[in-house]
Amino acid sequence: MLPMQGGCWLCQSPLKLTSQGLCSYCLRALPPLPLCCPRCGLPASNSRVACGRCLRRPPPWQHLVAVTDYRPPLSQLIARHKFSGVTALSVMLARLILLSWLSAKRERGLPRPDLLLAVPLHRRRAWRRGFNQADLLARPLARWLRCAYRPNGLTRRRAGHVQHQLSAHARRHNLRNAFRLEIAVRDRHIALIDDVVTTGSTVAEISRLLLHAGAASVQIWCLCRTL
């Protein structure tokens, strides 16, 4: 793990609180999301009610919270975090998710989760990478929100192919029966953490698993939603 630098990760300006990671100027300059459906997180005409897509075929989760679309500069920071092993970015990236969730909570009245779970990696991929990026995001979030986090609550049973290399149809097939729930979740409000939601296949498969086990609700929290 690399040490936390003393300046803003984007402009290198010195920070009074280095743990924040971004200066106020760069934070305000992050590309805002367009109007998006509060459920699927895709562009819509209203950000407070479900879009027509969700009315016809709703995703298995109840709410989706994202910081921004998958584009620079956040996409570049995510790549450094995930593929270059710059794990010192974890706290700053988690803070962005927290700020986005607090804003969504005020605007939409989202329920406060009582359990956080991270999208798991297969043990071989986690061993090769050395960490699970979603786990590194979930740990500070659980601490700040003072809610339970179970790092081994979900496991991935088989490795499959790398998701970002597959089509939407292939992603769904690749994930069938890929995950296993290791804890009881009945009547619990759950936030599922991932860095990027692309087609939503991964979080949809896990959400169905959680709701089938009796979870009260599932929120998806991510850094980027591919629009």
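A nonpolar core is a set of buried Ala, Val, Leu, Ile, Met, Phe, Trp, Tyr and Cys residues joined through side-chain atoms within 4.5 Å; buried means under 20% relative accessible area (1.4 Å probe, protein chains only). The model is predicted, with local features needing pLDDT of at least 70 and side-chain atom pairs counting only at pLDDT 80 or more, while totals for chains, interfaces and linings use all residues. Residues are numbered from 1 along each chain as its sequence is written, and side-chain values use heavy atoms, leaving out hydrogens and water.

**View 1. The largest nonpolar core holds 40 residues.** Leu74, Leu93, Leu96, Leu116, Trp221 and Leu223 touch the most other members. Elements that give two or more residues include strand E1 (63-68), helix H3 (74-83), strand E2 (115-118) and strand E7 (217-225). Helix H4 gives the most, with 8 residues. Helices (H or I, at least four residues) and strands (E, at least two) are DSSP runs, numbered from the N terminus.

**View 2. Surroundings of Leu116.** Not counting residues up to four places away in sequence, Leu116 touches (heavy atoms within 4.5 Å) Ala138, Leu141, Ala142, Cys147, Ala148, Tyr149, Arg150, Ala191, Ile193 and Trp221.

**View 3. Another core lies apart from the largest one.** This core has 24 residues, among them Ala66, Leu117, Leu154 and Ala178.

**View 4. Charged side chains of the chain.** There are 35 positive (Lys and Arg) and 9 negative (Asp and Glu) side chains, with His and the chain ends not counted. The centres of the two sets lie 3 Å apart, each charge being placed at NZ of Lys, CZ of Arg, CG of Asp or CD of Glu.

Definitions and conventions
Buried < 20%, exposed > 50% of the residue type's maximum accessible area, 1.4 Å probe, protein only.
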